[in-house]
Amino acid sequence: MAESMRGLKRTCLCAELTTEHIGQTVTVMGWVQKSRNKGGIVFVDLRDRSGIIQLIFEESNIGSEGFEKAAKLRSEFVVAVTGEVTKRSGAVNENLATGEIEVVARDIRILSESETPPFPIEENSKTKDDLRLKYRYLDLRRPDLQRNLILRSKVAMEVREFLSEEGFLEIETPMLIKSTPEGARDYIVPSRVHPGSFYALPQSPQLLKQLLMCSGFDRYFQIARCFRDEDLRADRQPEFTQIDMELSFADMDDVIDVNERLLKKIFKLVDVDISLPIPRMSWQEAMDRFGSDRPDTRFGMELKDVTEIVKDCGFGVFTGAVENGGSVRGINAKGQGAMPRKKIDKLVDFAKDFGAKGLAYLCVNEDGTYKSSFAKFMTEEELSKLVAAMDGEPGDLLLFAADKNKVVWDVLGNLRLELARQMELLDKNVYNFLWVTDFPLLEYNEDLGRYQATHHPFTMPLEEDLPYLESEPGRVRSQAYDIVLNGTELGGGSIRIHQNDVQERIFKALGFAEEDAKEQFGFLLNAFQYGVPPHAGLAYGLDRVIMLMAKADSIREVIAFPKVKDASCLMTEAPSAVDAGQLAELGIEVTEQEENGQEEG
């Protein structure tokens, strides 16, 4: 039966105790990690968020009633124990911060008993994710998850302190806003008092923070909750947190400067000293060298463009790609030339998942000969030039893709990362930061038959590219910038458009009729008629930042209550059906849908 803690006060957390406390009487409270009954003595490891302390229960010290309580302790019982800190009687436990001491109990209260947990509460759990997420309140007791969330809290505090000192004001923006196009799907919220009308949950505070610049607040920030109804992956959730900021009268260098110093400050929490300034690379260079706009620069294996070398060779796959306006590029997997054919075939299948029709390969044998899928179509001179262009040496594996640039970049960029995983080149102790700049302003959507904004429709083009906006919109670069760490985009931002004439040209390039633009963004466009300062901003995905700082494999490991891949919560079973009365009050009728998405009659 549970006891009251009335009259007791916890004097310290478990792992706050050190050898300096020897001889002192303390009261600790927490969960039983494990209990070992050795007959006349009971050893208990007590755990709280700070760590573990060993407790010793002997009848001579705690009395028969207290010893009887200690003898019945099981995993996850919640107890309060008062006792004296002493030097550990047995061997020092080098794995514990408190490994030199123990607490000899004088009194114990069992505050709550526990059923046997469905999985062990331990670090680096091997329990399946679904079971851990169903019992997330137990999973969160694990020390590694607790450290992650403690780190998250510390980062948020550091962000607030730093930005406040830099003159930023923390201002909250609404959670119920107007739905706008050009982005991921909105989560829609019905309005009871406006039947048939809906709010959207914000995908970001983008338009509202621009309005704050119009309002003269000059420097804004917010640790903002955002929502996107899109497919999940390891670093994506339907609801997530942004470190969001906007600055007036600022250019790209101003934004980058303040954010480099912010990153340097928060990464010191994990003993990482970022060397400033962080390197910058244009989008074009990133794609040409790494096949990705968020390149992982911890390792080489860069893409090589060999189009000019093979454009007139005898291999039709290469020449056909060039004739169709594409390119031929390759990567050199150093020392992998002896890779078995079955493994190479798996790489070919991997490449096909990213749009490749195939994957050409050439192994440079130790004797200087070649094993290849295409060598028979090329002369010795052509092969020698190709290998030299790829910096090929005996023992290397050369892999080539031939297609439109977009396909080639996607295939080789992902293949490069897959090979790095197989070759164990991804060192989590290395932190390579990079700014990627000069993104394309617009990208053509084949399905929609029109251009879309690469970032959002309020991004300022590079001034020297403005003349091409109507004639060659795909050529126009933007004043956008992303901060990348180890192949992960931590955040992104841009200089915003503050001139009405430029904004109108962008809307026109995106296929917006004037009335459509006013319908969707009228509140922003109206504000821009009353004096708008030049402004710029940036937003980080806080979850991704913490994931990399904590060296976690998924953002689920740094979020208290995450969703799974279908955007559901295994613990609360959300989303769920709601009461028919609630639906009626909102004027909503739910219809069943067949598997193909067609509504039943």
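## A first question

Are Asp244 and Lys209 buried or exposed? Both of these residues are buried. Keep in mind as you look around that this is a predicted model.

Asp244 and Lys209 are also partners: their side chains meet in a salt bridge, with 3.0 Å from N to O. This pair links distant parts of the chain, since Asp244 sits in strand β10 (residues 239-248) and Lys209 in helix α5 (residues 206-214), 35 residues apart.

## Salt bridges across the chain

Side chains of opposite charge can pair when their charged atoms come close.

Start with Arg556 and Asp129, whose side chains form a salt bridge of 2.9 Å, N to O. Here, too, distant parts of the chain are linked: Arg556 is in the loop between α15 (542-549) and α16 (580-586), Asp129 is in helix α2 (residues 129-134), and 427 residues separate them. Arg556 has 18% relative accessibility, so it counts as buried. Asp129, at 31% relative accessibility, counts as partly exposed.

Next, look for Asp305 and Arg329, which meet in a salt bridge of 3.7 Å, N to O. Asp305 belongs to strand β12 (residues 304-305) and Arg329 to strand β13 (residues 327-333), 24 residues apart. Arg329 is buried, with a relative accessible area of 5%, whereas Asp305 counts as partly exposed because its relative accessibility is 46%.

## A network of charges

## A nonpolar patch on the surface

Now turn to the surface, where Met175, Leu176 and Tyr199 form a nonpolar patch. Together, these three residues have about 250 Å² of accessible area.

Where is Met175 in the chain? You will find Met175 in the loop between β6 (169-170) and β7 (188-190). Its relative accessibility is 36%, so Met175 counts as partly exposed.

## A buried threonine

Finally, visit Thr319, found in helix α9 (residues 316-323). Thr319 has a relative accessible area of 13%, which means that it is buried.

What does Thr319 touch, leaving aside residues up to four places away in sequence? Its contacts are Val310, Lys311, Asp312 and Cys313.

Definitions and conventions. Residues numbered from 1 in each chain as written. Predicted model: local features only at pLDDT ≥ 70, side-chain atom pairs only at ≥ 80, totals over all residues. Heavy atoms only, no water. Patch = residues over 30% accessible without salt bridge, like charges linked within 9 Å, V, L, I, M, F, W, Y side chains within 5 Å. Areas by Shrake-Rupley, 256 points an atom, 1.4 Å probe, with all protein chains shown as cover. Salt bridge = Lys/Arg side-chain N within 4 Å of Asp/Glu carboxyl O. Helix = DSSP H or I, 4+ residues; strand = E, 2+ residues; numbered from the N terminus. Buried < 20%, exposed > 50% of the residue type's maximum accessible area, 1.4 Å probe, protein only. Contact = heavy atoms within 4.5 Å.
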